[in-house]
Amino acid sequence: MHGPRLRLLHTSDVHLGAFDSRGASEEHRAQLEAGFRRVIDIGIEEGVDLALIAGDFFDNARVRPATLEFAAEQLARLDRPVVIAPGNHDHVGPGSVYDRHDLSATAQNVSVMRGRDGETVAVDGLEVEVWARSHTETLPDFRPFDGIPQRGAAPWQLAVGHGHFIHPDALRHHSFHIYAEQLADAERDYVALGHWEQLTRVAAGELGVAAYSGAPIGLGGESGGHVLIVDLGEDGSVTLRAVPLDEGKPHLAHDEVPFLRGA
Ligand SMILES: [Mn+2]
């Protein structure tokens, strides 16, 4: 069973507020915000139905109040449902940045996933369910896809995870392991990943597609990254397109997104 066609925006690792501390560069702060404005502009231009933010939307829990308000205003501007699955930098639970400011007071279109053992949200008006197990504190042995349930009832089944995909050259001491078998077993139509700065599609078995959007804006002053536009077709097809933040650069088609196999 497939659902009606649906277009997603997938981003992660925006790290809003990374330059909020005293002494940080105002120029870098302005670049980061301009980059996120551009992410929202792309979402509007592309007419997306739903946006997924796969963790590390905020850099830390001490970002300036103005950064929280900026984030809420931008998300509201998209005017489509947004699902945020918090990562290690913006975890939910005690001391969470999401407890400082109710984003949904400004952006009623936003849901923050908070389930310690994972949860599924059904998005109003869309034939889609999104599962995620958010980071609730910084636990090195946290595995974002442990305990993912079978597919639910809605035709389109998505999952979001923030962690480190284990591939042949991966450093095993990295935290938050994600294995190709877990992604295959999840049998989701699309798995939106975060934690890596690099745009990468990864092995997810025969049925699904899984990818890291990479950071839209590098924190080291490098030029812009990408956001992923994911088209779910009536025929069940799942097609990626990476849209560069820098206008004028070419879009990357599905097969042009760098691909990595699991270990
Ligand atoms: Mn991270």
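Analyst: This is a predicted model. Start with pairing: two strands pair if DSSP finds at least two bridges between them. β14 and strand β15 (residues 252-253) have 2 bridges, in the antiparallel sense. That meets the cut-off of at least two, so they count as paired.

User: Which residue of β15 is the bridge partner of Ala242?

Analyst: Leu252 is the bridge partner of Ala242 in β15. Ala242 in β14 also stands opposite Leu228.

User: What makes β13 and β14 a hairpin?

Analyst: Strand β13 (residues 226-232) and β14 pair in the antiparallel sense over 7 bridges. The hairpin has 5 residues between the two strands. In the turn, Gly236 has a positive phi of about 90 degrees.

User: Why is strand β14 called mostly covered?

Analyst: Buried means under 20% relative accessible area. In β14 (residues 238-244), 5 of the 7 residues are buried.

User: Why are β4 and β15 said to stand at the edges?

Analyst: The order in the open sheet of 7 strands is β4-β3-β2-β1-β13-β14-β15. β4 (110-112) and β15 each have a single partner strand, so one side of each lacks a neighbour in the sheet.

User: What makes the pairing in this sheet mixed?

Analyst: Strand β1 (residues 6-11) and strand β2 (residues 50-53) run parallel, joined by 4 bridges. There, Thr11 stands opposite Ile53 in β2. β13 and β14, by contrast, pair in the antiparallel sense. The sheet's pairing is therefore mixed.

User: Where does helix α2 lie relative to the strands?

Analyst: Helix α2 (residues 65-78) lies across β2, β3 (82-84) and β4. The helix runs at about 140 degrees to β3.

User: How do you know whether Ile42 is buried or exposed?

Analyst: Ile42 has a relative accessible area of 1%. The cut-off for buried is under 20%, so Ile42 is buried. Ile42 lies in helix α1 (residues 26-46). Beyond four places in sequence, Ile42 touches Val227, Ile229, Val243, Pro244 and Leu245.

User: What makes Asp56, Asn88, His162 and His195 donors of the manganese ion?

Analyst: Donors are N, O and S atoms within 2.8 Å of the metal. The manganese ion is coordinated by Asp56 (OD), Asn88 (OD1), His162 (NE2) and His195 (ND1), at 2.1 to 2.2 Å. Those distances fall within the cut-off, so these atoms count as donors. In sequence the spacing is D-x31-N-x73-H-x32-H. The two histidines link distant parts of the chain: His162 is in strand β7, and His195 is in the loop between β10 (190-194) and β11 (200-202), 33 residues apart.

User: Are His162 and His195 buried or partly exposed?

Analyst: His162 has a relative accessible area of 2%, under the 20% cut-off, so His162 is buried. His195 has 24%.

User: Why is the pair His162 and Asp56 called a polar contact?

Analyst: A polar contact needs N or O atoms within 3.5 Å. The side chains of His162 and Asp56 are at 3.1 Å, so the pair falls within that cut-off. The side chain of His162 also reaches the backbone oxygen of Ala54, at 2.8 Å.

User: Which other residues is His162 in contact with?

Analyst: Leaving aside neighbours within four places in sequence, the contacts of His162 include Asp13, Gly87, His135, Phe176 and Ile178. Asn88 and His195 are also among them.

Technical notes: Residues numbered from 1 in each chain as written. Predicted model: local features only at pLDDT ≥ 70, side-chain atom pairs only at ≥ 80, totals over all residues. Heavy atoms only, no water. Buried < 20%, exposed > 50% of the residue type's maximum accessible area, 1.4 Å probe, protein only. Contact = heavy atoms within 4.5 Å. Axes fitted to C-alpha atoms, helices over the stretch in contact; angles between N-to-C directions. Polar contact = N/O pair within 3.5 Å; in protein donor to acceptor, adjacent residues only side chain to side chain. Donors = N, O, S within 2.8 Å, 3.2 Å for Na, K, Ca; no water.
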